[in-house]
Amino acid sequence: MGNIIMFCILAVVIIGSALLCVTTTRIMRAATFMLFVLFGVAGIYFLLDYTYLGAAQISVYAGGVTMIYVFAIQLVSKRTLQGLTEKVKASRLVCGGLAAVAGLVVVGLILLKTGFYTLAPANTEVPMEAVGKALVGAGKYEYVLPFEFISLFLLACIIGGLVVARKEDKKS
């Protein structure tokens, strides 16, 4: 019973923080709310007794959010950090909402078509060894190669952000 209550608390924190993260107009608040989301996900890992994944979630993503703070301070203008932001147009808000609903419908249809919700019985537990092999394995349905591609992509984004920031400094 305690696990269910704790899960519900973590779910409310994650959903609330995620909504606040995407709706706020201040970048530092968005990064802080994202930090709460990541801590909530780590809490769910700890609740499932996946202590290694929970600790990795906290150490890796807390460091990542710290880097977001640093880049937010460096890349965003002083006026934006002080709260002088531009307002979102209603047409952009409607288009974003329609895209979100379309994405939700696509994901729902994929889940229904593949029968994802019936693949595993309710009381089966995945051993930690299988999770570890799936995360760091290089074979079929294993995730080390996509992880490396994502890390290279993020590195390219960081370099691109620095290049854009340097170009703006030269203009002013």
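## Basis

Axes are lines fitted to C-alpha atoms, for helices over the stretch in contact, and angles between N-to-C directions run from 0 to 180 degrees. Helices are DSSP runs (H or I, at least four residues) numbered from the N terminus.

The model is predicted, with local features needing pLDDT of at least 70 and side-chain atom pairs counting only at pLDDT 80 or more, while totals for chains, interfaces and linings use all residues. Residues are numbered from 1 along each chain as its sequence is written, and side-chain values use heavy atoms, leaving out hydrogens and water.

## Helices α1 and α2

Helix α1 (residues 2–23) and helix α2 (residues 27–47) have axes that come within 8 Å and cross at roughly 160 degrees. The pair is therefore roughly antiparallel (over 145 degrees). Their crossing is left-handed, the near helix being turned anticlockwise from the far one by less than a right angle.

Residues of α1 that meet α2 include Met6, Phe7, Leu10 and Ile14; on the α2 side, Phe33, Val37, Gly40 and Ile44 are among them. By class, this contact has 16 nonpolar, 4 polar and no charged residues (nonpolar: Ala, Val, Leu, Ile, Met, Phe, Trp, Tyr, Cys and Pro; charged: Asp, Glu, Lys and Arg; polar: the others, Gly among them).

## Gln57

Gln57 lies in helix α3 (residues 51–75). Gln57 is buried, at 8% relative accessibility (buried is under 20% relative accessible area, exposed over 50%, partly exposed in between; 1.4 Å probe, protein chains only). Neighbours within four places in sequence aside, Gln57 is in contact (heavy atoms within 4.5 Å) with Leu38, Val41, Ala42, Tyr45 and Ala62.

## Cysteines

The structure holds 0 disulfides (pairs of cysteine sulfur atoms within 2.5 Å). Cys95 is exposed, at 52% relative accessible area, and Cys157 is partly exposed, at 42%.

How values were computed. Helix = DSSP H or I, 4+ residues; strand = E, 2+ residues; numbered from the N terminus. Parallel < 35°, antiparallel > 145°, perpendicular 65-115°, else oblique.
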